[in-house]
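Subject: Structure handover

Hi,

Here is the structure for you to look over.

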Amino acid sequence: MRIPIIAGNWKMHKTPAQAADFTRALLPELASLDAAERVLCPPYLAIPAVAEALASHKGTTVKLGAQNVHTDLQGAFTGSISAPMLREMVEYVIVGHSEVRQYQGDTDAQINRKVKILLDHALKPILAVGESLAQRQAGQAETVVRDQIRADLEGVSADKLERIVVAYEPIWAIGTGLSATSAQANDIIGAIRHTLTELYGASVAQTVRIQYGGSVKPDNMREFMSQSEIDGALVGGASLNVADFVALVRLAIEAKNL
Ligand code: PGA
């Protein structure tokens, strides 16, 4: 049984004070909804504020994540944050997000390096993959995503795979209000699991959690979570609202009969 994981990717939203207020309002609502793993990924600058809000809410199992990491461990990289820095603050780190691939030029080789650095520093990567609209229209969605998985996980050993979460996020569905259908998402996620099976064998591949991301909202969450291959969601917009985030977690738990 794979425990569902709902991660909120706040992107460049919320100041440290806003992030702390949000977290303090959210935690009591999530207290009884702990059958799913819940992760908050604030902007770097708000991580300490969210960490403090988590620490002062006794007994919470809500986890903290970051939205990116640099490929090097230290050095002259103005504006960057490294794995050793994150290790003191967070458990999860998103890598390979399409916005970072697009606006910061991350290649699969760099993403592969980031995945390995995170694993070496006891951090858990949330590895995002997904095709563009043009690639989907050309019938290449599955090939593109399978190639990304192979390249991004190159040289990662099977014993480390259980610490990786994969997020399938079709680029055309992110922040557009256009979500994939649950069947489209389940198909590609099944193809990702098939690729993991080819690389690592079925018993390992069956343990890896694979999320869907792209315009996930309370309205469509049940539908996605009812699909057998989908183990959670990576959520942007809807994770910025307390009631929506709580509803997403509740719907995941209900859909998986937990
Ligand atoms: P969205 O973003 O939920 O706002 O579409 C998802 C993501 O980019 O992770």
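The notes below take the pocket and then the salt bridges.

This is a predicted model, where local features need pLDDT of at least 70, side-chain atom pairs count only at pLDDT 80 or more, and totals for chains, interfaces and linings use all residues. Residues are numbered from 1 along each chain as its sequence is written, and side-chain values use heavy atoms, without hydrogens and water.

**Pocket**

The largest pocket has a volume of about 630 Å³. A pocket here is an open set of points on a 1 Å grid over the protein atoms alone, where a 1.4 Å probe fits, with protein on both sides within 12 Å along at least five of seven lines. Grid points are joined across faces, edges and corners, and the volume is the space filled by probe spheres set on the points.

The lining has 24 residues, counted as those with an atom within 4 Å of a point. Tyr-44, Gln-67, Asn-68, Val-100 and Gln-104 lie nearest the pocket centre. Helices are DSSP runs (H or I, at least four residues) and strands likewise (E, at least two), numbered from the N terminus. α4 (98–103) and α5 (108–120) each supply at least two lining residues. The largest share, 3 residues, comes from α4.

**Salt bridges**

The whole structure has 20 salt bridges. The criterion is a side-chain nitrogen of Lys or Arg within 4 Å of a carboxyl oxygen of Asp or Glu.

- Lys-63 and Glu-37 pair at 2.7 Å, N to O. Lys-63 is in strand β3 (residues 63–66) and Glu-37 in strand β2 (residues 37–41), so the bridge ties together parts 26 residues apart in sequence. Glu-37 is buried at 12% relative accessible area, and Lys-63 is partly exposed at 22%. Buried means under 20%, exposed over 50%, partly exposed in between (1.4 Å probe, protein chains only).
- Arg-113 bridges to Asp-72, with the closest N and O atoms 3.5 Å apart. This pair links distant parts of the chain: Arg-113 sits in helix α5 and Asp-72 in the loop between β3 and α3 (83–87), 41 residues apart. Arg-113 is partly exposed at 41%, as is Asp-72 at 25%.
- Glu-142 and Arg-146 meet at 3.6 Å, N to O. Both lie in helix α7 (residues 141–152), 4 residues apart, about one turn of the helix. Glu-142 is partly exposed at 41%, while Arg-146 is buried at 12%.

Shared partners also join Glu-37, Lys-63, Glu-91, Lys-124 and Arg-209 into one salt-bridge network.

Best wishes
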